[in-house]
Amino acid sequence: MNAEEGGNRKYILVQLPEAIDPKKNKTAYNFVKNELGVENPTIFEITKERLVRAAKKIKEEIIEKKISEKEKEIEEIRARLDIESKEEEINKLQEEIKLLKIKI
């Protein structure tokens, strides 16, 4: 919601560092140990990784949406015949798109 609305909501997530039993949940244990490089795998590490991935995805989606909006604006400017500074506006928007792509 913050990303869509530009809000500033905050929350606190509490996750106990419960150990993952390698006998009961081998997949989760191996993922945390091998993929995340944690010596003593806990449920917290999985929660943390999910949050990191979700935040990254949201950020990418927002940037892609902004890029799409700017590309649409460029097409609208190109369609207008009465704008004297059409190329200048298009160049400005293309620069903004380049900067957004760097953030992905």
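The model is predicted, so local features need pLDDT of at least 70 and side-chain atom pairs pLDDT 80 or more, while totals for chains, interfaces and linings use all residues. Residues are numbered from 1 along each chain as its sequence is written, and side-chain values use heavy atoms, without hydrogens or water.

Helices here are DSSP runs of H or I, at least four residues, numbered from the N terminus. The buried residues of α2 are Ala28, Tyr29 and Val32. They cover an arc of only 100 degrees around the axis, so they lie on the same side of α2. That arc is taken from the directions from the helix axis to the C-beta atoms. An α-helix has 3.6 residues a turn, so residues three or four places apart point the same way.

What do the buried residues of α2 pack against? They pack against α3, where contact means heavy atoms within 4.5 Å. After α2 comes Gly37, with a positive phi near 70 degrees.

Helix α3 runs over residues 43-79. Its 37 residues should span 54 Å at 1.5 Å a residue, counting one less than the number of residues. The end C-alpha atoms are 54 Å apart, which agrees. Buried residues of α3 include Glu45, Ile46, Ile63 and Lys70. Their cover includes α2 (26-35) and α4 (86-103).

Tyr11 sits in the loop between α1 (2-5) and α2. Tyr11 is exposed, at a relative accessible area of 61%.

Methods. Helices (H or I, at least four residues) and strands (E, at least two) are DSSP runs, numbered from the N terminus. Buried means under 20% relative accessible area, exposed over 50%, partly exposed in between (1.4 Å probe, protein chains only).
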